[in-house]
Amino acid sequence: MTPLRLGYLYGIGAYLLWGFFPLYFKVLRPTGPLEILAHRIVWSVLFVALLLGALRNVGFLRALLRRRAALAGIVAAAALIAVNWGTYIYGVSSDRVVETALGYFINPLVVVLLGVTVLRERLRAAQWVALGIGGSAVAVLAVDYGRPPWLALTLAFSFAGYGLIKKRLGLPAAEGLFVESAVLALPALGYLAWLSRHGGLTFGHVSAGHTALLVLAGAATAIPLLLFAGAANRLPLTGLGMIQYLAPILQLACGVLIFHEPMPPARVAGFTLVWLALVVFTADAIRASRQSRQARPIVVDHEVVAPAEH
């Protein structure tokens, strides 16, 4: 199997798992969102620690502890991913799966917006058009909901900010997830202990299957992330960008077709504008990628020649 095909299999696997996350979190009822988040953190640490131990890859911690700037970045990334995970779990638990899907649809546009505001990047005209259409979509949805779609915006901005920090840190997927989860593990354990003391802990008190599903939250978190890392190492950005919409499409389908959440005309109009913005954004990314490939020099007999003009 070629690396490219393997990359697509990894990527599709990751986004399929993320796309069906609403089904997983729904069956964790009656556990509340904060307890689910705490279990997700604690069991992620244990799962990834076992994985790194099996791979005998623990030496990275010593080098990392000497990088104070990196440690500060990890704390910030951990805080953002905790907000993202908690918001998503809350959205699913409160029957707002459609709005969580919206958050991941607009995430690529928020990434572009952060590029302008934080990294001072210059956007192409089509990217400005996509941002304008996306802003109009948020305004339409705010009218439909009677409020700004705060849950979707929180998901989009927290994940975009997390991605920005992760890109600068450059940590591999498993090592990064372990350290981030380890940063959050003490507060998570403290919250679970507090719940247990006050009789609110559901872990071990509902059924054996329910307990097993909470324990599997660590694997459910780590496996798609590792698959995504495998895809990112093998696929061009345009290929990865195209399949990233698979997860919110599946989440939207879960919300509408399985959980029967409402989709009034105004909400359909807002989502249509979001999709139009993504079409403009994706088409521009594909065009820019092709131009970049065409502009690369061609090496012939160790001599560099310019690519042919058409």
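User: Before we start, what do buried, exposed and partly exposed mean here?
Analyst: Buried means under 20% relative accessible area, exposed over 50%, and partly exposed in between, with a 1.4 Å probe and protein chains only. This is a predicted model, where local features need pLDDT of at least 70, side-chain atom pairs count only at pLDDT 80 or more, and totals for chains, interfaces and linings use all residues. Residues are numbered from 1 along each chain as its sequence is written, and side-chain values use heavy atoms, leaving out hydrogens and water.

User: OK. Is His260 buried or exposed?
Analyst: His260 has a relative accessible area of 62%, so it counts as exposed.

User: Where is it in the chain?
Analyst: His260 is in the loop between helix H13 (246–258) and helix H14 (265–295). Helices here are DSSP runs of H or I with at least four residues, strands are runs of E with at least two, and both are numbered from the N terminus.

User: What about the phi of His260?
Analyst: Phi of His260 is near 55°, a positive value in a residue other than glycine. Asp95 also has a positive phi, near 60°. Asp95 is in the loop between helix H5 (68–93) and helix H6 (97–117), and at 43% relative accessibility it is partly exposed.

User: Switching topic, which residues does the cis peptide bond join?
Analyst: Arg29 and Pro30, with omega about 15°. Pro30 is in the loop between helix H2 (21–26) and helix H3 (33–54).

User: And overall, how many helices and strands?
Analyst: The chain has 14 helices and 2 strands. Of its 310 residues, 45% are buried.
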